[in-house]
Amino acid sequence: MALSLSAAITTTTVRPCPSSSSKLKLSHFSSLQLPSEFRNFRSQHVKSRLRRRTFGLVASKNQTFSTFDELLEKSDKPVLVDFYATWCGPCQFMVPVLEQVSASLIDKIQVVKIDTEKYPAIADKYQIQALPTFVLFKDGKPFDRFEGAMGADQLIERVEASLQIKQ
């Protein structure tokens, strides 16, 4: 199992959803299905309201580690690990927040994201039961943990407070 840290471009397209008083059905793929009258709904008005949001590159070292433990041990500063899943809405909300946190605390911490679907053994080892879960590691060992989505200011405050208290 190789873990790789590298910069990436994330592109998200936000599309407006027509509102309806009809009930929405949940398909077997766990995605929302619009009522039949809206399925082929194409109008210039809706198309003109489409917005694209693009996130820029996040500067990071392109490093490869053979194990997660090696990554933690070889880090010269504390590591904030975001345990997430691609299907998790609050986890997706945290993407730009983590970019801000990483940029603000670049001299203090290293930010790493672990997909719990791809690495369930790591999630089990640290007893990850809610998403997103953030674990702050120092010297290869966890020393603070918090769950749930939060704003960049709150996350920065929480990390800085934890680093001051636990040093």
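Does Q127 count as buried or exposed, and at what relative accessibility? At 58% relative accessibility, Q127 counts as exposed, where exposed means over 50%, buried under 20% and partly exposed in between, with a 1.4 Å probe and protein chains only.

1. Basis of the note. The model is predicted, so local features need pLDDT of at least 70 and side-chain atom pairs count only at pLDDT 80 or more, while totals for chains, interfaces and linings use all residues. Residues are numbered from 1 along each chain as its sequence is written, and side-chain values use heavy atoms, with hydrogens and water left out.

2. Backbone. Q127 is found in the loop between α5 and β9, helices being DSSP runs of H or I with at least four residues and strands runs of E with at least two, numbered from the N terminus. Phi of Q127 is near 50°, a positive value in a residue other than glycine. The loop between α5 (120-125) and β9 also holds P132, and the peptide bond from L131 to P132 is cis, with omega near -10°. In the loop between β9 and β10, D139 has a positive phi near 55° and counts as exposed at 72% relative accessibility. As background, most residues other than glycine have a negative phi, and most peptide bonds are trans.

3. Aromatic rings. Five aromatic pairs are found in a search of the whole structure; rings of Phe, Tyr and Trp (its six-membered ring) pair if their centres lie within 6.5 Å, and planes under 30 degrees apart count as stacked, over 60 as edge-to-face and the rest as tilted. F68 and F137 form an edge-to-face pair, 5.8 Å centre to centre with 80° between the planes. Because F68 lies in helix α3 (residues 68-74) and F137 in strand β9 (residues 133-138), the pair ties together parts that are 69 residues apart in sequence.
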